[in-house]
Amino acid sequence: MTTLLQKSATLCAVLALAGAACSAPQGPADRTDDTFVLGLSSEFDNLNPVLGFSPDGGSLIFDGLMSRTPDLTIKPALAAEPPTVSKDGTTVTFTLKEGLKFHDGKPLTSQDVEYTYEALLDPANNSTIRSDYSAIKEVAAPDARTVVFSLRHPYAPLVQRTTLGIVPKGTLEKTRPVGSGPYRFVSWTPGDKIVLEANKEYWGGAPAISRLVLAFAPDDNVRATRVRAGEFDATVLPPKAAAGLRGRQDVTVYDVPSADYRAIMFPMTQPVTGDRAVRKAFGLALDRQAMADTILAGAGTPAYGPISPDTAWHNPEVTGGTDPAAARKLLDEAGWVMGEDDIREKDGRKAGFTLMYPAGDSLRKELALAAASDAKKIGLRVEPIGLDWDAIEARLGKDAAVMGFGSPYDPDYVNYELFHSGFKGQGFFNPGLYDNPEVDRLLERGRASGERAEREQAYAGFQKIIRDDEVYSYLVFLKHVYVIRGEYEGIVPGVDGHEHATGGLFAGIPTWKPVA
Amino acid sequence: MRAILKMVAWRVAFAIPLLTAVTIGMFALAQASPFDPVRQYLGERALVTSPEVVESIRQNWGLDRPVLEQYATWFGNLAGGDLGESRSFHRPVSEIIGERLGWTLLATGSALVLMFVGSLVVGTLAAWRRGSWLDRVITGGAFANEAAPVFWLGLLAIWVFAVQLDWLPAGGLTDAASTTINPADVAAHMVLPVAVLAISQSSWLVLYVRESVIGVLREDFVIGARARGLRERTVIVRHALRSALLPFLTLLGARMPELVTGAILVETIFSWPGVAAASVQAALAVDFPLLAALTLLGTAAVLAGNLLADIAYTVADPRVRTLGVG
């Protein structure tokens with residue numbers, strides 16, 4: 001027993017030493033000035049584009065055939081020039097740049113491109129983005145620099161989809177990625193961070209920031225604190241958490257517009273929400289500016305349709321405003337008369353509906369509550385209810401729900417599935433059972449046509465009908481708030497999408513330069 | 001020695017049906033869960049993924065098969081050493097456990113040592129100065145600590161030492177900007193989680209040591225030793241503490257379940273990248289393969305803890321015959 005106690009004493013001494021070591025001031029010993037620390041709110045599931053990692057070109061480690069500039073122009077990346085599209089629109093041919101190499105020095109050829117797309121489309125790989133690429137029938141690599149996509153149907157947005165990163169043939173590697181992009185992978189400490197270093201031989205020029213750390217910190221306040229403390233050089237924050245950093249000398253706050261909207265989806269076959277007059281009146285009663293100002297702390301703009309006014313595809317005729325008087329008039333004319341309890345009625349039915357929102361999402365909850373309170377002023381009873389997604393999905397055809405979608409890249413993205421009658425009742429695609437042959441026709445024309453003018457016309461018409469039918473009540477487009485410490489040249493805000501995995505403002509890091 | 005081997009054999013024989021029962025229970029719970037694992041896998045993409053893709057993932061995972069068949073497949077793979085693929089981390093379960101288990105063992109092992117040494121020292125101090133203000137602070141503190149939830153203690157520690165005083169990092173394994181794993185850096189990041197884990201689990205140990213040392217101090221042989229004029233330190237350490245140590249070991253072993261649950265909370269609060277934190281993510285994501293492996297690991301840790309305590313007891317005192325040993 002004495003020995004046991006002696007051992008404990010030794011351990012105690014060791015712990016005491018460790019304690020002493022800990023209380024010594026920790027300088028940023030192994031931190032060099034050229035390390036840039038990015039605080040991210042969520043960790044990546046994996047680092048393989050085939051399995052769904054950053055398909056929209058924000059990955060830094062990988063290059064796609066094409067890439068996107070902040071102003072959303074699509075330009076060749078691995079491809080030497082824009083692709084050639086066959087007359088019938090079903091064959092798209094890319095030619096690769098010469099001398100392309102992966103980070104491990106192996107050449108990047110059309111076989112790698114072919115492999116990437118085939119692996120993505122193989123159902124056995126359980127890729128989360130497979131349905132985005134369902135238009136592709138076959139990919140072929142007739143020679144080392146040529147890639148030919150054969151499509152099932154003419155699909156204009158295919159070129160936008162080719163921002164997908166290319167992986168070396170035969171790799172389904174999830175954690176130690178080898179790409180060809182501006183940064184090469186160094187290490188991943190799961191639950192903690194990913195370290196990247198600049199690819200000095202990058203075909204597009206070596207990045208000025210030579211070392212990049214992506215640190216994961218899910219809590220918003222923790223990220224804000226660590227930016228203040230100088231531990232993080234940049235992060236993305238909810239507007240309210242960023243408020244305390246505005247006006248500081250060492251920090252710049254960027255409010256980046258996005259195509260990311262929140263909107264209320266109506267089930268079209270239900271007695272109350274199926275009445276266009278009720279939907280229109282509800283839309284008129286909403287004070288969207290107040291939602292943007294208070295709930296989003298100013299980081300948002302009112303929304304009236306699914307396509308962001310910050311993109312070239314927006315139809316400027318799609319606007320709106322708050323007009324409760326007009327809303328009341330509309331309901332009166334449609335036969336919804338005010339009942340004794342300040343709720344309208346028609347044929348013995350109360351003018352009310354249930355509005356679902358995901359219980360853990362405080363933004364959607366606050367929007368639902370605000371919408372319910374606006375609706376009450378015109379005699380509509382909206383009952384917000386917080387549920388988890390599984391419960392929401394089961395009730396989608398019966399009750400309204402606060403949804404969020406939006407992509408700035410191509411108007412075909414998501415909208416085709418959300419409004420085409422062919423997707424009626426399929427999960428989250430068109431759950432309200434919206435069915436309008438004219439909308440179907442416009443969506444099909446927009447997708448198939450290779451002519452920009454014809455596409456623009458089709459989507460302008462589509463937006464107008466969606467607005468007139470008030471299929472959704474669009475509430476707000478969010479702004480994404482980024483904070484960056486220090487001064488850099490070359491930071492160009494673009495328009496973000498709904499999904500943060502695109503990289504947003506941080507997709508441009510390879511071209512940032514510290515201001516000396 | 002033979003007695004110990006026999007005891008180990010008995011315990012292992014008992015552990016196998018127990019672990020099997022645990023897997024059945026877990027499987028039944030996962031089946032009853034209202035959450036859809038495919039949606040958790042897809043995450044935010046669930047809303048823009050076609051139902052056809054969702055269905056094909058479901059089929060690839062075998063979720064469309066009868067429950068018994070799913071269980072048989074899983075159990076067969078487990079017996080063959082294949083733990084399956086984690087759905088929330090999108091990687092093999094063995095890989096995830098492999099890279100995280102070390103960090104958990106480091107943190108809980110350190111906490112266990114700190115708990116052991118700390119409660120012996122503090123409990124003995126309280127017994128030795130029985131009735132003094134020091135004793136009252138220690139006993140009162142132990143009772144208060146027992147009532148405080150681990151997560152609350154963790155958040156309090158972060159608030160005091162990381163936010164207000166800025167002495168220690170609030171979480172993570174290393175400094176955010178450091179690109180290597182440096183031992184001093186890791187040690188600094190370990191202080192708060194290890195201390196919180198150890199302190200949160202040690203109330204009963206402290207109180208137990210105090211009680212038994214007080215008891216022993218009243219015994220004839222201690223009074224005799226004191227009468228012989230032995231130094232006070234010798235009396236306390238050699239005589240009183242020594243007799244109190246044996247049952248203390250068993251008590252330490254019995255604390256294993258609390259230590260496992262404590263580790264889960266502490267790792268989550270301090271973003272410590274261990275297996276315990278992964279189990280929270282696995283549970284939230286209905287990631288059955290990972291959750292199953294981690295639950296088995298947790299159960300095995302509890303069984304092993306008790307076994308080790310009993311072995312230590314038997315080694316220390318050959319007169320002892322523990323349960324199941326003739």
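**A guided walk from a buried aspartate**

A:Asp410 is buried, with a relative accessible area of 3%. Here, buried means under 20% relative accessible area, exposed means over 50%, and partly exposed lies in between, with a 1.4 Å probe and protein chains only. Before we walk on, please note that this is a predicted model, in which local features need pLDDT of at least 70, side-chain atom pairs count only at pLDDT 80 or more, and totals for chains, interfaces and linings use all residues. Residues are numbered from 1 along each chain as its sequence is written, chains are lettered from A and ligands numbered from 1 in the order in which they are written, and side-chain values use heavy atoms, leaving out hydrogens and water.

What does A:Asp410 partner with? A:Arg455 forms a salt bridge with A:Asp410, and their closest N and O atoms are 2.8 Å apart. (A salt bridge is a side-chain nitrogen of Lys or Arg within 4 Å of a carboxyl oxygen of Asp or Glu.) Because A:Arg455 lies in helix α13 (residues 452–469) of chain A and A:Asp410 in the loop between β19 (400–405) and α11 of chain A, the pair ties together parts that are 45 residues apart in sequence. Helices (H or I, at least four residues) and strands (E, at least two) are DSSP runs, numbered from the N terminus. A:Arg455 also counts as buried, at 6% relative accessibility.

Over all chains, the whole structure holds 39 salt bridges. One of them joins the side chains of A:Asp332 and A:Arg344, at 2.7 Å from N to O. Helix α8 (residues 324–333) of chain A carries A:Asp332, and strand β15 of chain A carries A:Arg344, so this pair ties together parts that are 12 residues apart in sequence. In another salt bridge, between A:Glu383 and A:Arg381, the closest N and O atoms are 3.7 Å apart. Here A:Glu383 is partly exposed at 42% relative accessibility, and A:Arg381 is partly exposed at 34%. There is also a network of salt bridges that links A:Asp132, A:Arg161 and B:Arg45.

Now let us turn to the aromatic rings, where a search over all chains finds 38 aromatic pairs. Take A:Phe266 and A:Phe353: their ring centres are 5.8 Å apart and their planes stand at 80 degrees, which is why the pair is edge-to-face. This pair links distant parts of the chain, 87 residues apart, with A:Phe266 in the loop between β12 (251–265) and α6 (276–285) of chain A and A:Phe353 in strand β17 (residues 352–358) of chain A. A second example, A:Tyr488 with A:Trp512, is tilted, with 6.1 Å from centre to centre and 45 degrees between the planes. As for the rule, rings of Phe, Tyr and Trp (its six-membered ring) pair if their centres lie within 6.5 Å; planes under 30 degrees apart count as stacked, over 60 as edge-to-face and the rest as tilted. A:Trp512 is buried, at 1% relative accessibility. Chain A also has an aromatic cluster whose members include A:Tyr261, A:Trp313 and A:Phe477.

A:Asp342 has a positive phi of about 65 degrees although it is not a glycine, and its place is in the loop between β14 (337–338) and β15 (344–346) of chain A. A:Asn430, also not a glycine, has a positive phi near 45 degrees and lies in the loop between α11 (415–419) and α12 (437–448) of chain A. Is each one buried or exposed? A:Asp342 counts as exposed at 54% relative accessibility, while A:Asn430 is buried at 2%.

Finally, look at chain B, whose secondary structure comes to 14 helices and two strands. Of its 326 residues, 48% are buried. One of its helices, α5 (residues 93–128), contains B:Ala127, which is buried at 3% relative accessibility. B:Ala127 is 45 residues from B:Gly172 in sequence and 38 Å from B:Gly172 in space, C-alpha to C-alpha. For the complex, the predictor gives an ipTM of 0.73 and a pTM of 0.77.
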